[in-house]
Amino acid sequence: MIPVLAVMATLVGAPAMAEIKVGVLDFGRLMDESPQGKALIETLRSEAAAKQRELQGQATSLQGKRDKLVKDRATMTPDQISRAEKELRDGERDLGRRQQEINDDFNARRNEEMTKLQRTLIEEARNYAKSQNYDLVVTDGVIYATPALDITPGVLQSLQSRGGAAAAPKPATR
């Protein structure tokens, strides 16, 4: 009986709650469409492309050595064949290690930069919500919200007006 009275007492104040301003933020869209997110994706893609070209060059070199071994095998001594095969195995092992290192470095950098981007976007969403007098902004886990509650376009506009590319990450130096 007492819990029911407590709920009823809370509901008596319900008209004051009707004035709460709630907004919904599509954080995935914000990350994808913000100038900072676009700049980050482009920077990471260009860095990855450069590393892929490096790996492709090593793979091409190995393939050339493999082709040479196949072509010259008949005229090579058993010792030369053995050395060439060992060199190929070592090269393939080195290529595999290098590829794994590059993948690990890329993933670590991507995670680090995405965390920075998330912090920037969260801060911008907070600032926008405060400036627009929102009482509550929700994101992940929203099943449905009317477009009138969606503040994502406003936050995107705020990010774009700030000169979004200024927050782009600097290329990694190695």
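Helices (H or I, at least four residues) and strands (E, at least two) are taken here as DSSP runs, numbered from the N terminus. On that basis, the protein chain comes to six helices and two strands, which follow the pattern α-α-β-α-α-α-β-α along the sequence. The model is a predicted one, in which local features need pLDDT of at least 70 and side-chain atom pairs count only at pLDDT 80 or more, while totals for chains, interfaces and linings use all residues. Residues are numbered from 1 along each chain as its sequence is written, and side-chain values use heavy atoms, with hydrogens and water left out.

Just after H5, Asn-133 takes a positive phi of about 60 degrees.

Burial comes next, where buried means under 20% relative accessible area (1.4 Å probe, protein chains only). Of the 174 residues of the chain, 25% count as buried. Those in H4 include Leu-55, Leu-62 and Leu-69, and the buried residues of H4 pack against helix H3 (27–33), H5 and helix H6 (152–161). In H6, the buried residues are Thr-152, Gly-154, Val-155, Leu-156, Ser-158 and Leu-159; their packing partners are strand S1 (22–24), H3, H4 and H5. With contact meaning heavy atoms within 4.5 Å, 86% of the contacts between residues at least 6 apart in sequence join residues at least 24 apart.

Now to the open space. On a 1 Å grid over the protein atoms alone, a pocket is an open set of points where a 1.4 Å probe fits, with protein on both sides within 12 Å along at least five of seven lines; lining residues have an atom within 4 Å of a point. The second largest pocket holds about 250 Å³, and of its 14 lining residues, Leu-25, Ile-122, Ala-125, Arg-126 and Val-137 are the closest to its centre. H5 and strand S2 (136–138) each supply at least two residues of this lining, the largest share, five residues, coming from H5.

Methods:
Points joined across faces, edges and corners; volume = space filled by probe spheres on them. Buried < 20%, exposed > 50% of the residue type's maximum accessible area, 1.4 Å probe, protein only.
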